[in-house]
Amino acid sequence: MVIFNPFDHINKKDIKKRIQKLKKKRSNLSYEELCGLLIKKKSRLCALAGGTTALPGIVPGVGTLVAVVGGTLLDMTAMAFFITELILEVAAVYDRDLDESGTSREAVWVLVSSVGAGAAGSGLTNFTISQLTSNAFKRLVEQALVALGIRASQRSFLRIIPLVGMFIAGGVNYYTCQKVGSFVSKYYSENGYADTWDGQTLDVEVEVKGE
């Protein structure tokens with residue numbers, strides 16, 4: 001069971017309103033430039049999350065434990081939410097209908113691909129994702145988030161460095177969001193919405209591997 005599925009906690013109506021407002025306010029910008037603004041904003045939020053959750057590390061002992069264990073968990077929860085929201089925002093910029101189930105499934109495909117999940121190598125394709133049952137779909141989201149978690153665990157020890165750990169955690173989060181955002185923007189700019197995203201459901205086992 002998925003402990004935290006960010007797709008269940010994102011207000012799609014709010015995203016649509018924000019993107020419509022952004023397009024109207026910045027009508028002189030291209031879709032790519034609009035996405036750049038969104039990526040920059042989310043990267044800053046991810047950096048803030050990384051720095052804030054590493055803050056307890058300045059206190060020796062208990063603070064170090066909180067920063068490594070609880071801080072990493074909170075950090076990745078925030079990262080998962082911000083990155084998922086960014087994907088849907090970019091999708092809305094490129095005129096995807098967020099109310100269609102196929103749009104969410106496509107967003108999961110983008111999430112899996114953007115975190116370096118190696119979907120192609122394991123035989124998982126966008127057409128397969130479009131046919132997953134609800135349970136299989138949730139399992140895929142969970143495994144994509146686990147891939148993000150693997151990255152977090154590889155740098156969690158940096159949180160124990162007083163003060164410096166905050167900047168390192170924030171910097172890594174900023175870089176990660178920038179990298180993911182660039183992939184997401186490129187995907188949606190090069191791929192129009194296909195009817196296959198609303199295909200018949202298929203219950204299959206999938207495996208996602210982090211970098």
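This is a predicted model: local features need pLDDT of at least 70, side-chain atom pairs count only at pLDDT 80 or more; totals for chains, interfaces and linings use all residues.

Reader: OK, at what angle do α2 and α7 pack?

Author: About 155 degrees, with the axes 7 Å apart; axes are lines fitted to C-alpha atoms, for helices over the stretch in contact, and angles run from 0 to 180 degrees between N-to-C directions. That makes α2 and α7 roughly antiparallel (over 145 degrees).

Reader: And what kinds of residues make up the contact of α2 with α7?

Author: Nine nonpolar, nine polar and three charged. Among them are Cys35 and Ile39 in α2, and Met166 and Tyr174 in α7.

Reader: Switching to the largest nonpolar core: which residues touch the most other members?

Author: Ile87 and Tyr188, out of 40 residues. A core here is a set of buried (under 20% relative accessible area) Ala, Val, Leu, Ile, Met, Phe, Trp, Tyr and Cys residues joined through side-chain atoms within 4.5 Å. The largest share, twelve residues, comes from α3.

Reader: What does Tyr188 contact?

Author: Leaving aside neighbours within four places in sequence, its contacts (heavy atoms within 4.5 Å) include Ile87, Val90, Glu106 and Val110.

Reader: Last one: is Asp95 buried or exposed?

Author: Exposed, at 53% relative accessible area (the cut-off is over 50%). Asp95 is in the loop between α3 (62–93) and α4 (101–114), and its phi is near 65 degrees, a positive value in a residue other than glycine.

Methods: Residues are numbered from 1 along each chain as its sequence is written. Side-chain values use heavy atoms; hydrogens and water are left out. Helices (H or I, at least four residues) and strands (E, at least two) are DSSP runs, numbered from the N terminus. Buried means under 20% relative accessible area, exposed over 50%, partly exposed in between (1.4 Å probe, protein chains only). Angles under 35 degrees count as roughly parallel, over 145 as roughly antiparallel, 65 to 115 as roughly perpendicular and the rest as oblique. Ala, Val, Leu, Ile, Met, Phe, Trp, Tyr, Cys and Pro count as nonpolar, Asp, Glu, Lys and Arg as charged, and the others, Gly among them, as polar.
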